[in-house]
Each structure stands twice: as structure tokens, then as C-alpha cells.
Amino acid sequence: MKPRLRSPDDRQAALLEQLRLLMRGETTEGRVLRTLRREVLGLTQTAYAELAGVSRRTLSDIERDAGNASMASLDRVFRPLGLRVGLLPRQPELLAELVEGGAL
């Protein structure tokens, strides 16, 4: 896979867009990870798994939203993207209130 060169601003915009989709429930954590790995970083599963310190199989399972990955594994795969796994309210109203209240 040939990496597409993106500016830091483009990478940040892509990251924020994926997070918005996730927070609106329009995508999954696995799809976010796959999109950012491929389109922002331009890395293969093998290269990204090595970078994150997980097996390629674990990365593949997470990207397919399959299996039952541990919180530690999820944290490891999202860390290279500058993200961490955490808790967010499921109700859209509470999530909006949290974001609007400046808690993030």
C-alpha cells in the first residue's frame, strides 16, 4: 500500500471526522481504526500491529469488530493515533452535554 502524503492539518481533520462519526454512532471503533491506519498513516496491518505492539491477528479482529479485545489491547492500538480508550455516555443528550460543557 503506497502511503498518501497528508499534511498534519489534513491528518487532524481526518481524525476529528472519524471521531465525530463514532460519537454520532455512525461507525464503529474498528472501522475508525482501519480508516485511520490506512488512509491517514498509510500502514499495512502488519506494520501497524508491530508499531502498536499487538499481533496482526489482534489488530485484524479489532478492525473487524470481532472477538473480545482487552482494554489494554485497545489502548495499545489507538495510542499511535494519539487516542486512548475511555468511557462515554451512551445517550446522545448526555454526550452532547458533556461536550458542550467543556469536559473534554
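Contact here means heavy atoms within 4.5 Å. The model is predicted, so local features need pLDDT of at least 70 and side-chain atom pairs count only at pLDDT 80 or more, while totals for chains, interfaces and linings use all residues. Residues are numbered from 1 along each chain as its sequence is written, and side-chain values use heavy atoms, with hydrogens and water left out.

**Exercise 1.** Describe how α4 and α5 pack.

Solution. 
- Step 1: identify the elements; helices are DSSP runs of H or I with at least four residues, numbered from the N terminus.
- Step 2: list the contact. Thr 58, Leu 59 and Ile 62 of α4 meet Ser 73, Leu 74 and Val 77 of α5.
- Step 3: take the geometry. The axes, lines fitted to C-alpha atoms over the stretch in contact, lie 11 Å apart at an angle of about 90 degrees.
- Step 4: classify. Angles of 65 to 115 degrees count as roughly perpendicular, and α4 and α5 are therefore roughly perpendicular to each other.

**Exercise 2.** State where Gln 91 lies and whether Gln 91 is buried, partly exposed or exposed.

Solution. 
- Step 1: Gln 91 sits in the loop between α5 (71-78) and α6 (92-100).
- Step 2: buried means under 20% relative accessible area, exposed over 50%, and partly exposed in between, with a 1.4 Å probe and protein chains only.
- Step 3: Gln 91 counts as partly exposed because its relative accessibility is 39%.

Definitions and conventions:
Helix = DSSP H or I, 4+ residues; strand = E, 2+ residues; numbered from the N terminus. Axes fitted to C-alpha atoms, helices over the stretch in contact; angles between N-to-C directions. Parallel < 35°, antiparallel > 145°, perpendicular 65-115°, else oblique.
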